[in-house]
There are 2 protein chains.
Amino acid sequence: MSQPALGSRAQGEDLSLDELHDVWRLLAPEDRLAAFHLVPHDSGEDFFLALSTAEQAALLVTLPAKERRAWLRLLPPDDAADVIQAALPAARQEFLALLDDSTRKEVSALLAYAEDQAGGLMNPRFARLRPEMSVDEAIAYLRRQVRELETAHYIYVLDAEQRLLGVVSFRELFPVPPERTVQEVMHRDVVTAHEHLDQEALGRLFATHRFLAIPIVDDEQHIKGIVTMDDIVDVVQEEATEDIQKIGGMEALDAPYLQIGMGRMVRKRGGWLSALFLGEMLTATAMGYFEAEIARAVVLALFVPLIISSGGNSGSQATTLVIRAMALGEVKIRDWWRVIRRECVAGLTLGSILGTIGVARILLWHGAFGVYGEHYLLVALTVGASLVGVVLWGTLAGSMLPFVLRRLGFDPASASAPFVATLVDVSGLLIYFTTASVILSGTLL
Amino acid sequence: MSQPALGSRAQGEDLSLDELHDVWRLLAPEDRLAAFHLVPHDSGEDFFLALSTAEQAALLVTLPAKERRAWLRLLPPDDAADVIQAALPAARQEFLALLDDSTRKEVSALLAYAEDQAGGLMNPRFARLRPEMSVDEAIAYLRRQVRELETAHYIYVLDAEQRLLGVVSFRELFPVPPERTVQEVMHRDVVTAHEHLDQEALGRLFATHRFLAIPIVDDEQHIKGIVTMDDIVDVVQEEATEDIQKIGGMEALDAPYLQIGMGRMVRKRGGWLSALFLGEMLTATAMGYFEAEIARAVVLALFVPLIISSGGNSGSQATTLVIRAMALGEVKIRDWWRVIRRECVAGLTLGSILGTIGVARILLWHGAFGVYGEHYLLVALTVGASLVGVVLWGTLAGSMLPFVLRRLGFDPASASAPFVATLVDVSGLLIYFTTASVILSGTLL
């Protein structure tokens with residue numbers, strides 16, 4: 001999606017546009033059409049352009065056929081392509097048919113790209129010049145182009161085969177004496193992105209270079225379109241939302257929380273929840289394996305939730321940190337050894353802190369209530385030592401899982417907090433009961 | 001931070017800039033200075049401008065005093081202010097003294113704003129016109145301004161007191177007949193942001209309106225500067241990183257993972273981990289309360305980790321969804337009742353799914369290994385019913401906690417997955433053992 005021209009901003013002030021939006025969210029789909037028709041046409045345009053792609057598509061479907069054409073044609077080609085992509089497959093051909101010929105061609109070309117590739121985000125319309133033009137000719141030529149363009153931050157200089165030769169900004173062009181040529185003013189070292197570049201990598205390219213637009217090229221440096229900074233804000237938000245939802249232990253919803261259908265949401269959450277549940281069943285198996293020990297020393301069972309949750313929490317911290325650092329490009333696969341070293345130190349320190357608190361808690365409670373039997377010192381030692389081991393293990397497992405997933409070609413964000421917690425729960429039980437059998441053998445066990 | 005002029009892009013191609021960056025990350029601070037001096041001055045400029053604020057500050061400190069001035073003056077005022085903010089307090093006055101008088105004034109004004117307010121992000125330099133100028137005068141006047149500006153997407157029309165009257169874009173101004181005046185062409189309905197607006201809200205304003213820049217005003221509509229879209233990309237990334245780290249159960253690090261000092265990182269993680277640990281200790285208390293039941297029916301202990309982790313996982317999903325939807329503005333405080341209704345349905349459905357799997361697991365295992373004693377049917381019923389209750393409770397608690405936190409004035413993202421899991425662990429034990437005592441009373445208990 002792209003930025004509307006200055007002329008299409010809201011007529012009212014901020015608040016009223018927000019209010020309009022708020023009302024919108026609360027309306028049933030059939031009432032939205034009525035509300036939309038109540039708004040004066042000018043404000044309607046602003047409102048329509050500010051809607052999300054999914055909402056634009058939903059509204060277009062409910063509009064009478066003759067209105068649909070006018071509203072769809074209001075959108076620049078990249079936004080039109082997004083809307084058509086968001087519509088039900090059955091409606092796509094019909095939508096395409098509503099466009100004028102040249103836009104339909106542009107939109108069809110855009111639809112061929114995956115949504116999360118540079119090509120899927122680009123606008124095929126941009127300001128262009130030939131290198132041999134004089135600055136005067138160039139400005140006259142640009143004045144004609146500029147009205148049809150959505151954005152014109154940079155002007156691209158192309159050869160006869162549409163290969164990108166250079167770039168120049170309006171600001172640079174205007175003060176130049178009129179008889180100089182474009183190729184004397186232009187920059188030849190242009191930062192470009194390949195049409196199939198993943199949108200997350202494209203976002204990092206924008207973050208590094210801070211350009212308002214980056215041209216998208218094919219293998220032979222033919223320019224296919226431009227991606228502008230405002231599209232990237234959406235990408236960044238979208239990728240962050242996906243990662244956050246995955247870290248929360250579910251599939252990315254791909255739709256706003258209040259709008260997604262209950263069936264779809266339950267499927268996206270239920271799948272992972274069931275998978276985690278199946279994994280977590282191993283804890284019942286592990287506990288069953290130590291059933292005799294528990295029967296002999298019930299006191300051991302009391303600390304099971306405390307021990308395994310500490311492993312889960314420390315693992316959740318570590319995996320979250322590493323996933324985010326990977327998404328930002330701060331940590332690369334080859335940094336795994338540095339991460340292990342850091343997490344060893346962090347895990348041992350954090351484990352020692354929790355172990356100390358745990359031991360203190362048991363000694364204090366025993367002193368006050370005498371609840372942990374004659375071997376309370378050994379029990380405290382078992383819990384303390386297990387905490388160090390479990391926290392260290394949780395930290396290491398949590399930090400390494402994103403590396404393993406990425407190495408195997410999966411999204412590292414799937415190493416969700418609940419996933420790591422489940423992994424660590426089972427091994428935490430093994431650590432705890434093994435430590436217990438070593439320390440308590442001959443006394444309680 | 002802002003976008004460098006086109007002229008200051010990397011001399012080499014993409015890859016080599018990336019490589020330079022990569023080497024940089026691996027160098028010790030003292031070696032960075034040497035490496036920096038090896039680079040030709042032109043590339044050095046690009047490289048310096050592309051560094052993060054923290055890295056720019058760190059590099060400036062190591063530079064010889066006479067070089068420091070030249071590099072600091074390379075930065076536009078908003079970036080200079082960020083660098084000075086990032087420097088150690090002791091170095092700030094010294095840095096300020098290196099700037100020329102007019103920039104120092106601008107930078108000092110910027111330093112008065114909190115970093116996460118609109119005022120802290122803005123650039124005090126922007127293109128400006130008077131309303132009564134003719135288009136011809138305006139273009140001539142702009143040509144002089146434009147060289148000193150970092151960005152000039154929109155031109156702001158101000159009265160003699162610097163109050164914002166309107167806005168016009170280059171593209172709109174150029175095709176207009178030269179004798180018309182600026183006020184005839186300008187738009188009067190300008191979207192503005194208040195200087196103390198929080199940066200997250202400012203990000204949403206950009207997302208709604210899709211402008212390249214938004215002017216920042218004080219209470220009397222005096223323009224103080226502009227915030228551009230490229231600053232917002234940083235804000236969006238930064239806010240997402242903070243939320244993700246909080247959801248992972250720790251304080252936001254505020255620094256890249258591989259660069260933050262170990263002591264600081266352990267403090268940021270250890271604080272929450274210890275707090276969660278103290279909360280989780282209640283599980284030991286709860287388990288102690290049911291010690292007699294466990295001693296009588298050890299089989300109950302086997303399913304403790306399974307039950308409580310299911311509550312934690314479903315709570316983690318719900319809280320993550322709601323936190324993100326709140327950050328994106330999709331869910332507001334007044335939506336709490338809609339969320340409860342949705343989560344009741346989702347929780348019951350998900351709980352029934354897990355309950356069914358749980359019952360099936362117990363019946364299958366008992367059929368195969370005969371491990372769960374004569375009352376295995378009742379045990380299965382206990383586990384199944386508890387799972388429905390625990391998952392429903394986890395879902396509701398997880399979805400409501402962000403509302404409670406926001407209502408109390410805290411960041412909803414603090415309702416981290418581990419926080420919710422801890423909350424749900426204790427109550428999950430109560431649900432489980434209460435269910436058990438109802439169903440198993442007279443048989444196992």
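Q: What is Val227(B) in contact with, leaving aside its neighbours within four places in sequence?
A: Its contacts are Ala118(B), Leu121(B), Met122(B), Leu202(B), Ala213(B), Ile214(B), Ile216(B) and Ile232(B). Contact means C-beta atoms, placed from the backbone, within 7 Å. This is a predicted model, where local features need pLDDT of at least 70, side-chain atom pairs count only at pLDDT 80 or more, and totals for chains, interfaces and linings use all residues. Residues are numbered from 1 along each chain as its sequence is written, and chains are lettered from A and ligands numbered from 1 in the order in which they are written.

Q: Which residues touch the most other members of the largest nonpolar core?
A: Val227(A) and Val227(B), in a core of 214 residues. Such a core is a set of buried Ala, Val, Leu, Ile, Met, Phe, Trp, Tyr and Cys residues joined through C-beta atoms within 7 Å.

Q: And strand β6 of chain B, how many of its residues are buried?
A: 6 of 6, over residues 223-228. Buried means that 20 or more other C-beta atoms lie within 10 Å of the residue's own. Strands are DSSP runs of E, at least two residues, numbered from the N terminus.

Q: What does β6(B) pair with?
A: Strand β5 of chain B, residues 213-217, in the antiparallel sense over 5 bridges. Pairing requires at least two DSSP bridges. Val217(B) has Ile223(B) as its bridge partner.

Q: New topic: how many residues does each chain give to the contact between them?
A: Chain A gives 107 and chain B gives 108.

Q: Why do the copies meet through the same surface?
A: Because 100% of the interface residues of chain A are also interface residues in chain B.

Methods. Two residues are in contact if their C-beta atoms, placed from the backbone, lie within 7 Å. A residue is buried if 20 or more other C-beta atoms lie within 10 Å of its own, exposed if 12 or fewer, and partly exposed in between; C-beta atoms are placed from the backbone. Helices (H or I, at least four residues) and strands (E, at least two) are DSSP runs, numbered from the N terminus.
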